[in-house]
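This report goes through selected features of one protein model. Please have the sequence and the structure open while reading.

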Amino acid sequence: MTTPRDLPRIDDLIGEAASLVARFGRAAATEALREAVERSRAAVLAGQTVDVDSATLIEQAATLLDARRPGALQRVINATGVVVHTNLGRAPLSVQALEALTQAASVTDLEYDLPTGRRGSRGARLDPLVAEACGAEDGMAVNNAAGALVLVLAALASGRGVLVSRGELVEIGGSFRLPDIMAASGARLVEVGTTNRTRAADYAQAADEHGDIALALKVHPSNFSISGFTQSADVQELAATLGPRGIPVAHDVGSGLLHDSPQPWLLAEPSMRASLESGAGLAICSGDKLLGGPQAGLIAGSAPLVEACRLHPLARALRLDKLRIAALHATLEAHLAERYDDVPVWRMLRSNIADLQARADALALAIGSSARVSEGESVVGGGSAPGAVIASPVVRVACDHPDRVARTLRQGSPAIVARVDDGALWLDPRTVEPADDATLAQRVAEALLPMQDVTTTPAP
Ligand SMILES: *Cc1c(COP(=O)(O)O)cnc(C)c1O
């Protein structure tokens, strides 16, 4: 019979809990051990049989601390087929971007001119690359595209009117709503047209009626599409209509596509270059969607407009740190040198079907008889190319409890995220790094084992 006297002393426990102390610190470890001991004492006094040995109590304290202090970000193998998966951190970085950010992580010449030994400019290294990649006179980068939008509105339209089509008053996701962004920036929203149809003439009329209009903003509806009786004014028409009135067009293109792409699943995505060539004064995009870089927001366009953004106080609040400057620089260099296969997002999107087929076959073979290769579809994701799919061979794993298998896979290390659909588990090799194929196959085979034991046990 266990009595409270059998409980170890806190000081003795601390002495044995070196790894807990190393991980969480002495104060937190002591508190958690005390809590574990108190719980056990209460259980013992209530007449329950509990283990009160040191190892059990230390484990209980570790569980308490784990629940309270969320762990670090974990590596995940993305087998979902969603190339730019926002919940999985959007674009995986290129090897070159990783090297650049590792180098910049220690001491670096971020704002220091090495030849003269004087203070240098943080943007000097990155801004010309942004401009060149977007085919613009000038460019810059800030924290993210939402930040870029706030900065553009604050710098160019604070206290003045901004024309936006009612069909583009969108919520991008994560409660990022255009009218709220507009209000936060101090610009006044002037709604134009209707939800399904807005013509260039509607913008002209609104501009003439309202007078003090600083800007027209066009927002790419990146995460939805409306079809049917619709019409919208494109950038070219807007620029032609509003240019003579002295009103520049700012275009949030969203995805970070630099050039128009002939890929059928990207036809509906506007690009930075095409937007600027069509007459946009400024174009804005994300750094970590189709650009395939770190989180960032790019602003490119006419020199005076970009300079006005650069000089606004919010530019300082939204600036990039050295790690992301390094990673974005390397990513833009890859685009400029047309080394698309160096950028994981583009390598995945452009994967050759025969290669994917071979990898899917090998995965299915390694997983076992429950796995079959079938015709499937990958998607771009990240709120890009809504509705567009890329035909892709995928592995269908038949099992009795696909949700359980999927959970087991998510909880291992590295975590594996797969799709569950139609009573099966689906693995899309397109979004998996080929170097992870063997791990993926082995882990899936292992996760199926206990399930098979359950299902193959003969009924009594
Ligand atoms: C994704 C997206 C944004 C937000 O970009 P972040 O970089 O996540 O801030 C803004 N506008 C459009 C059109 C988008 O697609």
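## Position of A354

A354 is part of helix 16, which covers residues 353-367. The coordinates come from a predicted model. A354 has a relative accessible area of 55%, and because exposed means over 50%, A354 counts as exposed. Between A354 and A239 there are 115 residues in sequence and 44 Å in space, taken C-alpha to C-alpha.

An open sheet is built from five strands in the order 2-12-13-16-15, with mixed pairing. Its edges are strand 2 (82-84) and strand 15 (419-421), each of which pairs on one side only. On average, and with direction ignored, neighbouring strands in the sheet are turned by 40° against each other.

Strand 15 pairs with strand 16 (residues 424-427) in the antiparallel sense, over three bridges. D421 is found opposite A424 of strand 16. Two helices pack on this sheet. Helix 16 touches strand 12 (371-381), strand 13 (384-398) and strand 16, and its direction makes about 35° with that of strand 13. Helix 17 (residues 402-411) touches strand 15 and strand 16, and its direction makes about 40° with that of strand 16.

## Nonpolar cores

The largest nonpolar core contains 32 residues, and V152, L153, V162, L217 and L282 have the most contacts inside it. Two or more residues each come from strand 5 (138-142), helix 7 (145-157), strand 6 (161-165), helix 8 (178-185), strand 8 (213-219), strand 10 (282-286) and helix 12 (303-311). Helix 7 gives the largest share of this core, nine residues.

Which residues does L217 contact, leaving aside its neighbours within four places in sequence? They are L149, L153, V162, L163, V164, E168, L178 and A250.

## Helix 9 against helix 10

Helix 9 (residues 200-210) and helix 10 (residues 235-242) have axes that come within 9 Å and cross at roughly 35°. The crossing of helix 9 and helix 10 is right-handed.

On the helix 9 side, the residues in contact are A200, Y203, A204 and A207; on the helix 10 side they are E237, L238, T241 and L242. Sorted by class, this contact has six nonpolar residues, one polar and one charged.

How values were computed
Residues numbered from 1 in each chain as written. Predicted model: local features only at pLDDT ≥ 70, side-chain atom pairs only at ≥ 80, totals over all residues. Heavy atoms only, no water. Axes fitted to C-alpha atoms, helices over the stretch in contact; angles between N-to-C directions. Helix = DSSP H or I, 4+ residues; strand = E, 2+ residues; numbered from the N terminus. Left-handed = near helix turned anticlockwise from the far one by under 90°. Contact = heavy atoms within 4.5 Å. Nonpolar A, V, L, I, M, F, W, Y, C, P; charged D, E, K, R; others polar. Core = buried A, V, L, I, M, F, W, Y, C linked by side-chain atoms within 4.5 Å. Buried < 20%, exposed > 50% of the residue type's maximum accessible area, 1.4 Å probe, protein only. Pairing = 2+ DSSP bridges.
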